[in-house]
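Subject: Handing over the structure

Dear colleague,

I am passing on the structure that you will be working with, and below it you will find what I noted while going through it. Please keep it open beside this message as you read.

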Amino acid sequence: MPRRISIGFATIFVVCIIWFLLTTGLGIIPSGRFPSPAETWSALIHVSGRGYGGGDLAMHVYNSLRLVVMGFLFAIATGVPLGLLMGWSRRAEAVINPIFLIIRPIPPLAWIPLAILWLGLGDAAKIMVIWFSAFVPSVINTYAGVRNIDRPVLEAAYMLGMPKFRFVSEVLVPGASPMIFTGLRLSLQASWTTLVAAELVGAFYGLGRVLNVAQQDLYPGMILVGMIAVAILGWGTTRLLGVAEAWALRWNTAALAAKG
Amino acid sequence: MMQKQISLRQSLLLGSLGLAGFIGLWHVLAVSGLISPVFLPSPLDVYDRFTTLLDRRFAGATLPGHLAASFQRFAYGFLLAALIGIPLGLLMGWYQILDEIVSPLFDALRFVAPIAWVPFAALWFGTGIGGPIMIIFAGAFPPCVINAYRGAKFVDPRLIEAANMLGTPSHRVIREILLPSSVPSIISGLRVSAGLGWQSLVGAELIVASAGVGYMMVQGQANVSTTTVMAGMVAIGLVGLALDSALRLAERIIQRRRGLDH
């Protein structure tokens with residue numbers, strides 16, 4: 001849609017001009033409240049060169065990204081199998097569902113103080129809360145995905161005497177995979193939110209730490225740089241997941257067409 | 001290997017076994033002394049602490065007091081998000097040009113985690129009530145917009161065509177076709193919003209606040225009072241559950257009313 005894209009660019013361009021006019025040009029917004037483009041640029045130079053909040057930008061980005069990836073991968077490795085099990089076995093569902101029902105209403109961010117009490121301010125506590133926040137959407141969507149598989153497909157596999165391992169890898173997982181990926185996208189989003197919150201509460205490095213120190217220093221330029229960095233990382237990892245999804249579902253033309 | 005169906009009785013039995021196993025394991029681990037009670041207090045300790053906090057002050061207020069402070073902020077932020085987000089989403093769904101202008105901005109902002117607004121929120125509105133409201137708004141706003149947009153977009157085109165053909169004036173088309181058919185989507189958006197808003201509030205209170213249940217938990221953590229932290233988690237979960245149930249009920253009532261209308 002070229003019309004859409006050109007209007008999009010025009011909008012972003014106009015917003016940047018308004019930003020410049022309000023801050024530098026006309027000085028309506030004081031620089032203590034919101035940074036001008038020049039101040040944001042200098043903050044970016046500051047954090048990537050001399051460093052800020054305990055390290056340079058590359059180091060903060062690396063550490064935040066590392067924690068999100070680790071927590072997210074742990075969540076997939078535990079959540080998807082549990083979801084498959086709950087979707088497949090009515091008994092497992094009956095046992096596990098009530099436990100989920102009492103844990104689920106507690107938002108992942110509310111686990112942060114407990115994680116700090118248990119594991120301190122280091123990486124382990126962050127991985128724990130990220131794992132937790134990403135775990136719940138992976139389980140629920142995998143579970144729903146298994147339940148959505150056409151019954152005749154399951155019955156055919158059963159009738160043809162498919163061995164258990166092949167049944168899981170060739171029927172259950174592929175059948176549930178569109179929903180699994182929906183869950184993973186939610187998980188990834190939750191991972192970033194949780195990471196930023198956990199780092200804002202207490203950390204030695206990472207983008208949340210940059211935001212926290214910038215807030216205490218009343219340094220709006222650096223706050224904006226931190227936010228933009230978080231947004232770019234969130235966007236980039238989501239795109240990567242999209243690529244993985246397209247690759248994993250390449251056999252499933254119907255699902256891809258439905259997603260556009 | 002075929003999926004075994006189980007009866008309701010079996011399912012209830014297994015469910016209570018699961019819950020009992022979970023709480024029992026927690027209790028046994030806590031009282032056995034393998035894990036220190038500072039680390040993992042038993043469920044009974046948490047229950048005791050919860051009831052104590054109901055009328056004893058901790059970090060400046062009782063638990064109901066903290067919850068009231070939190071809920072007040074939540075209500076303001078949530079209402080603000082709904083009042084701005086729903087009309088914006090509907091207008092974006094109806095007028096393509098607005099959609100094309102707002103969507104790129106919205107997509108760019110969507111990737112900023114709501115919690116990342118905390119520093120600006122504190123800078124602009126302080127840490128009392130304004131800052132947290134802005135964070136809740138940041139969490140609750142996107143689902144309101146997206147679901148109102150979807151609701152407006154996926155109206156059965158035949159209805160609009162029929163209305164146009166019969167010469168219905170456009171304000172009546174909006175009021176009698178577009179709005180009613182987007183209501184279910186709007187309500188489900190509100191449910192997502194309430195959940196995200198409530199979670200963002202907890203996050204905001206952990207970082208910047210001087211009252212509220214999140215603040216109470218941070219103080220509990222600073223005092224190494226694990227029971228207080230866990231009691232706070234229980235309270236947050238209960239309020240979140242109540243919010244969700246209330247909106248679910250609203251959803252059902254609206255659906256039923258429409259079922260009768262048709």
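A word on terms before anything else: the domain bounds used here come from an automatic or database domain assignment. With that in mind, chain A is divided into domain 1, residues 1-30, and domain 2, residues 36-259. Please remember throughout that this is a predicted model.

The two domains of chain A have C-alpha centres that lie 32 Å apart. For chain B, the assignment gives domain 1 as residues 1-39 and domain 2 as residues 41-261, and here the C-alpha centres of the two domains lie 32 Å apart. Where these domains of chain B meet, the contact takes eight residues from domain 1 and six residues from domain 2. On the domain 1 side of that contact in chain B, seven residues are nonpolar, one is polar and none is charged.

Turning to the make-up of chain B, you will find nine helices and zero strands in it, so that, when chain B is read along the sequence, its pattern is α-α-α-α-α-α-α-α-α. The radius of gyration of chain B is 23 Å, which is well over the 18 Å that the globule rule gives for 262 residues, and chain B is therefore more spread out than a compact globule. Along its principal axes, the C-alpha trace of chain B spans about 75 × 60 × 35 Å. Of the 262 residues in chain B, 39% are buried. If you take the contacts in chain B between residues at least 6 apart in sequence, 74% of them join residues at least 24 apart.

Next comes the place where the two chains meet: 50 residues of chain B are in contact with 46 residues of chain A. On the chain B side, the elements that give two or more residues are α1 (8-31), α4 (96-110), α5 (118-153), α7 (170-207), α8 (213-222) and α9 (226-261). The residues on this side of chain B divide into 35 nonpolar, 13 polar and two charged.

One residue to look at is A:I223, which has its place in helix α10 of chain A, residues 220-248.

A:L218 lies in the loop between α9 (207-216) and α10 of chain A, and its phi is near 50°, a positive value in a residue other than glycine. Because A:L218 has 12 C-beta neighbours inside 10 Å, it counts as exposed. In chain B, B:V224 is found in the loop between α8 and α9, and this residue has a positive phi of about 50° although it is not a glycine. B:V224 counts as exposed, with 11 C-beta neighbours inside 10 Å.

Key: Residues are numbered from 1 along each chain as its sequence is written. Chains are lettered from A and ligands numbered from 1 in the order in which they are written. This is a predicted model: local features need pLDDT of at least 70, side-chain atom pairs count only at pLDDT 80 or more; totals for chains, interfaces and linings use all residues. Two residues are in contact if their C-beta atoms, placed from the backbone, lie within 7 Å. Helices (H or I, at least four residues) and strands (E, at least two) are DSSP runs, numbered from the N terminus. Ala, Val, Leu, Ile, Met, Phe, Trp, Tyr, Cys and Pro count as nonpolar, Asp, Glu, Lys and Arg as charged, and the others, Gly among them, as polar. The radius of gyration is taken over C-alpha atoms; the globule rule is 2.2 Å times the number of residues to the power 0.38. A residue is buried if 20 or more other C-beta atoms lie within 10 Å of its own, exposed if 12 or fewer, and partly exposed in between; C-beta atoms are placed from the backbone.
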